[in-house]
Amino acid sequence: MASLRCFFRSGRNAISVVLRREFHKTSPATLQVTVRDALNQAMDEELERDERVFLLGEEVAQYDGAYKVSRGLWKKYGDKRIIDTPISEVSKICLSIIFAIFFLSLTPPGCVLYRLTVMCAGLRPICEFMTFNFSMQAIDQVINSAAKTYYMSAGLQPVPIVFRGPNGASAGVAAQHSQCFAAWYSHCPGLKVLSPWSAEDAKGLLKSAIRDDNPVVVLENELMYGVAFELSDEAQSKDFVIPIGKAKIERPGNHVTLVAHSRMVGFCLDAAAVLAKEGVECEVINLRTIRPLDTDTIEASIMKTNHLISVEGGWPQFGVGAEICARIMEGPAFNYLDAPAIRVTGVDIPMPYAKILEDNSVPQIKDIIFSVKKTLNM
Amino acid sequence: LPSLITPLPHFLHTGATRVLMFQRTSTGSRVVVASRTYADFTPQATFDIKKCDLHKLEEGPPLQAVLTREEGLQYYRTMQVMRRMELKADQLYKQKIIRGFCHLYDGQEACAVGIESGINRTDHLITAYRAHGYTLTRGGTVREIMAELTGRRGGIAKGKGGSMHMYAKHFYGGNGIVGAQVPLGAGVALACKYQGKNELCVCLYGDGAANQGQIFETYNMAALWKLPCIFICENNKYGMGTSVERAAASTDYYKRGDFIPGLRVDGMDILCVREATKFAAEHCRSGKGPILMELQTYRYHGHSMSDPGISYRTREEIQEVRSKSDPISLLKDRMISNNMASVEELKEIDVEVRKEIEDAAQFATTDPEPPLEDLCNHIFSNEPPMEVRGTNPWAKLKSIS
């Protein structure tokens with residue numbers, strides 16, 4: 001079963017939804033759902049629940065989404081709720097932000113009741129980037145108009161907006177389409193940054209993001225879209241949300257803490273399975289949220305295992321791993337470390353195209369295993 | 001006389017004036033079945049071309065174009081190479097030998113070849129990601145281009161760039177981010193003006209990119225500083241899956257430059273494109289500043305290899321363009337009906353082209369991948385060797401300029 005899970009997680013196969021309903025008294029009914037379908041469900045449910053939610057982006061409507069994440073939504077909700085935009089990143093973001101705060105300037109200030117009404121009257125856009133690489137064209141708006149506005153207005157103008165799309169490396173898409181923006185967005189106060197891994201993460205986190213009254217960046221992963229996971233009964237519910245800012249321990253262990261986000265969580269679990277055969281039990285933490293970072297969970301884990309390795313797909317300098325290491329240094333868990341905390345990251349180069357070069361530009365399972373062994377002095 | 005042994009009719013150019021067509025008989029001997037002299041072929045002809053719609057221009061390009069036999073054969077050959085190369089790339093992609101993004105140019109050959117014939121090799125050109133055709137016209141070989149698509153060390157970017165990042169002398173790619181190449185093109189034009197070598201920059205973008213804000217910023221600066229820049233919008237009617245009507249408040253892309261004069265050109269007619277480009281180049285070189293050309297063209301493939309291209313347009317539409325406006329067919333018909341070339345001659349060119357593409361594909365599939373030592377090279381220019389962090393702190397990789 002573990003190998004089957006490895007198989008699913010590594011994404012080597014795109015597995016379509018397989019319904020497995022077991023009418024068994026003891027085991028709960030689970031469903032095999034791909035990350036793509038989980039995201040689709042999350043948006044579908046939130047669009048249904050709240051009239052103010054709508055989706056805009058390139059090819060999201062009639063094309064069913066560049067990666068088919070919004071498949072069927074335009075047919076169900078129509079032009080008003082699912083909007084195809086021209087290729088204009090900056091205006092798309094601007095318009096979304098304005099939609100989110102729209103009614104605020106039209107009503108007279110002063111009344112608390114009006115403020116509540118007005119916040120409810122603002123729309124709640126989901127703004128899709130075809131990939132986060134294109135968000136660089138509009139990043140000024142994301143930071144300066146979305147992230148900072150609530151602060152600059154001293155609480156007058158919240159910006160309930162979700163930016164979502166695939167982030168990080170894909171397969172053979174070369175330097176301009178493979179960058180990880182986790183560190184870029186997480187650097188900024190005023191933004192929340194989520195990075196789901198499994199289908200459950202995708203669904204719960206996206207729903208939380210849509211319901212959150214603040215700008216939230218959801219960093220998906222194109223290579224994970226087609227990967228299927230078991231979705232528990234609880235996760236299938238229309239009110240299933242995952243709290244923002246809370247990491248999840250995917251696999252408990254005693255010897256070393258592996259902290260990762262997105263696709264690398266799967267790699268860590270695969271590495272852990274291999275290491276378990278040699279008697280090394282890794283505790284794998286799925287960050288789920290990059291900002292705000294769940295330092296407590298990481299610290300508690302280090303106090304148990306005494307060793308830390310962070311794993312990410314992005315570049316090392318000023319990255320997610322760098323932040324984790326810095327926080328551990330500054331906090332109580334430092335005294336529990338038996339060895340320096342280590343980062344496993346992408347290679348510090350623009351992403352090459354040739355397969356052999358690309359494969360060697362991102363962490364592989366063997367790199368994680370190697371780092372664990374070095375850290376544990378094996 | 002050297003013997004050409006083939007069952008097909010073959011040609012022998014004897015001296016400079018006579019073309020003999022042979023065929024093998026059942027007994028194996030060769031007989032001359034036809035004999036034509038170059039004197040039989042029309043050395044050049046004048047063709048009427050479509051009038052361009054003009055914006056802020058008193059006069060446009062001429063309404064007639066002169067085509068010589070040599071030019072015609074050269075354009076035909078280049079367009080055919082481009083067509084076959086793209087179709088071969090399609091095949092290799094489906095075999096998973098090419099991976100990632102692959103945006104094919106077939107249908108738009110008249111644009112690339114026409115533009116190149118209207119400018120000098122010393123001029124500059126930049127385009128977006130549908131760039132294989134331009135890489136070819138700007139001096140890349142088919143072998144280099146295909147080996148880049150398959151990610152091998154013989155690729156024009158040593159396998160590190162891929163489909164969207166091919167470069168050559170005076171050709172600045174191959175750019176993946178929509179619209180980003182336009183300000184870059186204006187920058188090249190600024191450099192041209194600065195260096196005073198009477199060169200210009202051709203800056204291409206598509207109908208999808210035409211709605212990008214940075215393009216309008218570029219128009220402003222190019223016009224203000226009178227940069228020698230030819231902006232060219234290749235309007236193939238669809239930005240990925242979005243038709244122009246659904247994306248643009250105004251689909252008169254040649255007018256979108258507002259204060260920049262513009263012309264709308266039939267992008268399926270290579271002579272039209274060539275004359276318009278010459279006109280535009282003359283405009284720039286005379287110091288009048290930038291000019292905008294909209295080429296009305298069409299792509300047969302979808303946006304990229306992952307787009308079947310039929311969810312937002314009909315097969316009938318594609319078929320109609322193929323049968324009525326194919327750029328290669330248009331040129332071929334013109335040449336044949338004006339006796340500038342024979343059907344057989346063009347067929348022979350086709351055979352040669354096919355062979356060239358096969359040879360290039362063979363190279364592209366057998367050439368080895370780049371060596372791992374190359375992974376971290378080319379980060380900085382003109383820099384002493386440095387160390388690059390690998391995936392973990394113990395992996396110290398070497399980087400050379």
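This briefing describes selected features of the structure shown above, grouped by topic. The model is a predicted one. Over all chains, the structure holds 50 salt bridges.

**Salt bridges in chain A**

- Side chains of opposite charge can pair when their charged atoms come close.
- One such pair is Glu48(A) and Lys238(A), whose side chains form a salt bridge with an N to O distance of 3.8 Å. Glu48(A) belongs to helix H2 of chain A, while Lys238(A) sits in the loop between helix H10 (233–236) and strand E9 (248–251), so the pair ties together parts that are 190 residues apart in sequence.
- A network of salt bridges links Glu45(A), Glu46(A), Arg49(A), Lys203(A), Lys207(A), Arg211(A) and Asp239(A).

**A salt bridge within one helix of chain B**

- The side chains of Glu275(B) and Lys278(B) meet in a salt bridge with an N to O distance of 4.0 Å.
- Glu275(B) and Lys278(B) both lie in helix H8 (residues 270–285) of chain B; because they are three residues apart, about one helical turn separates them.
- Glu275(B) is buried, at 9% relative accessible area, whereas Lys278(B) is partly exposed, at 37%.

**Helix packing in chain A**

- Helix H2 (residues 35–49) and helix H3 (residues 73–81) of chain A pack with their axes 12 Å apart, at an angle of about 50°. H2(A) and H3(A) are therefore oblique to each other, and their crossing is left-handed.
- Helix H11 (residues 263–276) and helix H15 (residues 365–375) of chain A pack at about 55°, and their axes are 9 Å apart. H11(A) and H15(A) are therefore also oblique to each other, but the crossing of this pair is right-handed.

**Backbone features**

- The peptide bond between Arg291(A) and Pro292(A) is cis, with omega at about 0°. Pro292(A) is found in the loop between strand E12 (289–291) and helix H12 (295–305) of chain A.
- Phe318(A) is not a glycine, yet its phi is positive, at about 60°. This residue occupies the loop between strand E13 (308–311) and helix H13 (320–330) of chain A. With 69% relative accessibility, Phe318(A) counts as exposed, because exposed means over 50%.
- In chain B, His378(B) is another residue other than glycine with a positive phi, near 70°. His378(B) is placed in the loop between helix H11 (343–366) and strand E14 (386–389) of chain B, and is partly exposed at 43% relative accessible area.

**A nonpolar surface patch in chain B**

- Leu190(B), Met221(B), Leu224(B) and Trp225(B) form a nonpolar patch on the surface, and together they have about 400 Å² of accessible area.
- Among them, Met221(B) lies in helix H6 (residues 213–224) of chain B. Met221(B) counts as partly exposed, with 39% relative accessibility.

**Buried residues in loops**

- Gly346(A) is in the loop between strand E14 (342–344) and helix H14 (355–359) of chain A, and counts as buried at 1% relative accessibility. Its C-alpha atom is 27 Å from that of Gly190(A), a residue 156 positions away in sequence.
- Ser163(B) is located in the loop between helix H4 (142–149) and helix H5 (181–195) of chain B. Ser163(B) is buried, at 3% relative accessible area. A distance of 8.3 Å separates the C-alpha atoms of Ser163(B) and Arg130(B), which are 33 residues apart along the chain.

Key
Residues numbered from 1 in each chain as written. Chains lettered and ligands numbered in written order. Predicted model: local features only at pLDDT ≥ 70, side-chain atom pairs only at ≥ 80, totals over all residues. Heavy atoms only, no water. Patch = residues over 30% accessible without salt bridge, like charges linked within 9 Å, V, L, I, M, F, W, Y side chains within 5 Å. Areas by Shrake-Rupley, 256 points an atom, 1.4 Å probe, with all protein chains shown as cover. Helix = DSSP H or I, 4+ residues; strand = E, 2+ residues; numbered from the N terminus. Buried < 20%, exposed > 50% of the residue type's maximum accessible area, 1.4 Å probe, protein only. Axes fitted to C-alpha atoms, helices over the stretch in contact; angles between N-to-C directions. Parallel < 35°, antiparallel > 145°, perpendicular 65-115°, else oblique. Left-handed = near helix turned anticlockwise from the far one by under 90°.
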